[in-house]
There are 2 protein chains.
Amino acid sequence: MELAAAKLKFIEAWGKLGSEWGINRTMAQVHALLLISSEALTTEEIMEELSISRGNANMTLRDLIGWGLIEKQHKAGERKEYFFADKDVWNISRQVAKERKKRELEPVLKVLNELSTVVGDEKDPEFKTFKKSVNDINKLAVNVDKTLETMLKAEESWFWGSVLKVFK
Amino acid sequence: MELAAAKLKFIEAWGKLGSEWGINRTMAQVHALLLISSEALTTEEIMEELSISRGNANMTLRDLIGWGLIEKQHKAGERKEYFFADKDVWNISRQVAKERKKRELEPVLKVLNELSTVVGDEKDPEFKTFKKSVNDINKLAVNVDKTLETMLKAEESWFWGSVLKVFK
DNA sequence: ATAAACTTTCAATAATTCTTGAAAGTTTAA
DNA sequence: TTAAACTTTCAAGAATTATTGAAAGTTTAT
């Protein structure tokens, strides 16, 4: 396979994966493009490469900065802003884990805690089932939260070394 | 908090979480409803409870069966079908992991393998960057795949025991 | 057979999410 | 200043995804 075709295929695959995981397709594609670019790119170049509008490019780039996945670069003597992605896949994973934990897991933990204060008749099967499900989910969520917390602090080699060794 | 209010809140939260993770909101809500029901419910009851149409309920229930999260139940002397959810949160996690691995991770691994056959000029920075990113992502994906594979076979207490012990 | 009870399908519609592009805003150089 | 270079905003429109509901399909009892 040729480089040009491979790039297109990568961008397409990354976009699809993103959209399956609740991440805007264009955002995932812009990220993909910057991931495989050795040079930082301008908004203009990104618009061109992915055939998207200026508005879309601008918002998407802003979002990616908000996710901590890309950064702006200024080149001496130029007005234009250049964008480049952190290429370290472990950093990317941690960054995504960190943001999704904050944006999604933590709000859910908060709700689960509120729900565990529910009061009712301990003899009522509906009440018992509700309490058990909520408690079980709460325990799982706490375990996931702890594991993510560890991941956020960990070095990649240590993390996978530990995980995969334990699992033989 | 009262049981009725808590149920609504749980269904809403589960639906929101689902939609953030690429799962249809209604599907997550139907799952939530069955998770906290001590009794199996009919299509009619589900439509009523969540204010959704018959068509929507039918398709959603079929999808949930396809995900292995709920099952049909037949009651003696009745024509109606009843639906109930597996309440074991570890089973649910494994089932979701199994399906998403099959539907999403495996196709991506396939593409990444194809992409690693790319040919080009080893001196070209664009080529080198592409190859490195694809290889790094490939390695990560393989590690995730292995970990999920272990999870699918594991008992809950063993799994979290191991993971959390390693991470102190 | 027939009809009642129940389930499934799917074209039409609604709701949501994404994208555009032009206007407004900002910064810099001269 | 002024104007060119560049970025941001956001209302309108496009695209995508989800939902409805009525008709068609199926099963069971009589």
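Two exercises on a predicted model follow, each with a worked solution.

Residues are numbered from 1 along each chain as its sequence is written, and chains are lettered from A in the order in which they are written. Local features of this predicted model need pLDDT of at least 70, side-chain atom pairs count only at pLDDT 80 or more, and totals for chains use all residues, while side-chain values use heavy atoms, with hydrogens and water left out.

**Exercise 1.** Determine in which order the elements of chain A run, and why the chain is described as more spread out than a compact globule.

Solution. Step one is to list the elements, where helices (H or I, at least four residues) and strands (E, at least two) are DSSP runs numbered from the N terminus: chain A has seven helices and three strands, and from the N terminus on they run α-α-β-α-α-β-β-α-α-α. Step two compares the radius of gyration, 21 Å over C-alpha atoms, with the 15 Å that the globule rule (2.2 Å times the number of residues to the power 0.38) gives for 168 residues; the former is well over the latter, so chain A is more spread out than a compact globule.

**Exercise 2.** Explain why helix α2 of chain B is said to be largely enclosed, and find which residue caps its N-terminal end.

Solution. Step one counts burial (under 20% relative accessible area, 1.4 Å probe, protein chains only): ten of the eleven residues of α2(B), residues 25–35, are buried, so the helix is largely enclosed by the rest of the structure. Among them are B:Met27, B:Val30 and B:Leu34. Step two turns to the N-terminal end, which B:Asn24 caps through a side-chain oxygen 2.7 Å from the backbone nitrogen of B:Thr26.

Methods:
Buried < 20%, exposed > 50% of the residue type's maximum accessible area, 1.4 Å probe, protein only. Polar contact = N/O pair within 3.5 Å; in protein donor to acceptor, adjacent residues only side chain to side chain.
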